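Work through the exercises below with the coordinates open. Each task is followed by a solution in steps.

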Amino acid sequence: MEEQLVLVRREPPIAVLTLNRLEVLNALSTGLKRALEDAVEELDADPEVKAIVLSGSERAFAAGADISEMAELSAIEMMQMDRARSWQRLRAARKPLIAAVRGYALGGGCELALLCDMIIAGESAKFGQPEVKIGIIPGVGGTQYLTRGLGKWRAMELVLTGRRVSAAEMDAMGLLTRVVPDGEVLSQAEALAREVAEMPPLAVRLGKEAVQRAFLGTLDEGLELERRNFYLLFASADRSEGMRAFLEKRPPHWTGT
Ligand code: COA
């Protein structure tokens, strides 16, 4: 039987996805990316799953696009494969994605972590966009994420030198949610997923959408969407329940409506 490229551990209210091409440090081949996108889409549609953790191995979260697969492709072939568009399927997930990063997160692996909504990284995790060293540039969001996260001048250095960045430095630059001891990466990412999964689902969904808009759109668009989502939540049963429970000094019971 063919080995599964992505392992799925479904433990409602969370699920944990593990990239499983250990022998090549989870290099993101077309097959692995497709398996990942399919798994995320399926879990995103699963009503029992409220948050998704994405992890790799101890040695590598993912060491980038599969160079052996790309080496002989022409520009036109790359364009026809339209890898960037396929990542759109991951970006479209409505449920929170939490990256649990151990080891290398390079190139597409770094972009995959940055695409996630939160990142828990181990102390010895190593990030970077080394594409320039093989004559290309980040192709699935790296230049945009880093520039929005860091400003032009720091992002430029990372994109133009391909320098590797430690978890401590990523954290200091504000690009991580948290750095934890290597042995605790998965457990802390799962705990964070469970914490989010306890929150009312509509507020989580609209909150994620609003934060994402701040990241991707203009300030005016972001404020408009935030305002709309804020008012919309006043129509939800969970908003009434949450406020009532607070006033009645009891835990809320969420129905997701
Ligand atoms: N694509 C394809 N194969 C990759 C890969 C990638 N992005 N990254 C690692 N591999 C493969 C290696 O070719 C090697 O395969 P082999 O055992 O058949 O020789 C295996 O994974 C282990 O990698 P190796 O380089 O031997 O491990 P290392 O510990 O010496 O170095 C890295 C680890 C991550 C520093 C190094 O593998 C690397 O620089 N990878 C490429 C990172 C990159 O440039 N990513 C951006 C791509 S656009």
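## Exercise 1: The chain as a whole

Task: State what percentage of the 257 residues of the chain count as buried, then describe the overall dimensions and the secondary structure.

Solution. The model is a predicted one.

Step 1. Buried residues make up 43% of the 257 in the chain.

Step 2. The C-alpha trace spans about 65 × 45 × 40 Å along its principal axes.

Step 3. Counting secondary structure gives 12 helices and 10 strands. The radius of gyration is 19 Å, close to the 18 Å from the globule rule for 257 residues, so the chain is as compact as a globular protein of that length.

Step 4. Take the contacts with a separation of 6 or more: 66% of them are between residues 24 or more positions apart.

## Exercise 2: The largest pocket

Solution. 

Step 1. Sorted by class, the lining of the largest pocket holds 18 nonpolar, four polar and five charged residues.

## Exercise 3: The second largest pocket

Task: Repeat the analysis for the second largest pocket, and say which domains its lining draws on.

Solution. 

Step 1. The volume here is about 520 Å³. Among the 22 lining residues, Leu114, Cys116, Asp117, Met118 and Val211 are the closest to the centre.

Step 2. Two or more residues come from each of helix 5, strand 7 (118-122), helix 6 (142-150) and helix 10 (201-216). Helix 10 has the largest share, with seven residues.

Step 3. The class count for the second largest pocket is 14 nonpolar, five polar and three charged.

Step 4. Domain 1 and domain 2 each supply at least three residues to this lining.

## Exercise 4: Backbone details and burial

Task: Locate the cis peptide bond, then decide whether Asn26, Lys249 and Asp66 are buried or exposed.

Solution. 

Step 1. The cis bond joins Pro12 and Pro13, with omega about 10 degrees. Pro13 is in the loop between strand 1 (6-11) and strand 2 (14-19).

Step 2. Asn26 is not a glycine, yet its phi is positive, at about 60 degrees. The residue sits in the loop between strand 2 and helix 1 (30-44). Its relative accessibility is 0%, so Asn26 is buried.

Step 3. Lys249 is another non-glycine residue with a positive phi, near 55 degrees. It belongs to the segment after helix 12 (237-247). The cut-off for exposed is over 50%; Lys249 has 77% relative accessibility, so it counts as exposed.

Step 4. Asp66 lies in the loop between strand 4 (60-62) and helix 2. The cut-off for buried is under 20%; the relative accessible area of Asp66 is 7%, so Asp66 is buried. Beyond its neighbours within four places in sequence, Asp66 is in contact with Arg21, Ala27, Leu28 and Ser29.

Key:
Residues numbered from 1 in each chain as written. Predicted model: local features only at pLDDT ≥ 70, side-chain atom pairs only at ≥ 80, totals over all residues. Heavy atoms only, no water. Nonpolar A, V, L, I, M, F, W, Y, C, P; charged D, E, K, R; others polar. 1 Å grid on protein atoms, 1.4 Å probe; cavity = no way out; pocket = protein on both sides within 12 Å on 5 of 7 lines; lining within 4 Å. Points joined across faces, edges and corners; volume = space filled by probe spheres on them. Helix = DSSP H or I, 4+ residues; strand = E, 2+ residues; numbered from the N terminus. Domains from an automatic or database assignment. Rg over C-alpha atoms; globule rule 2.2 N^0.38 Å. Buried < 20%, exposed > 50% of the residue type's maximum accessible area, 1.4 Å probe, protein only. Contact = heavy atoms within 4.5 Å.
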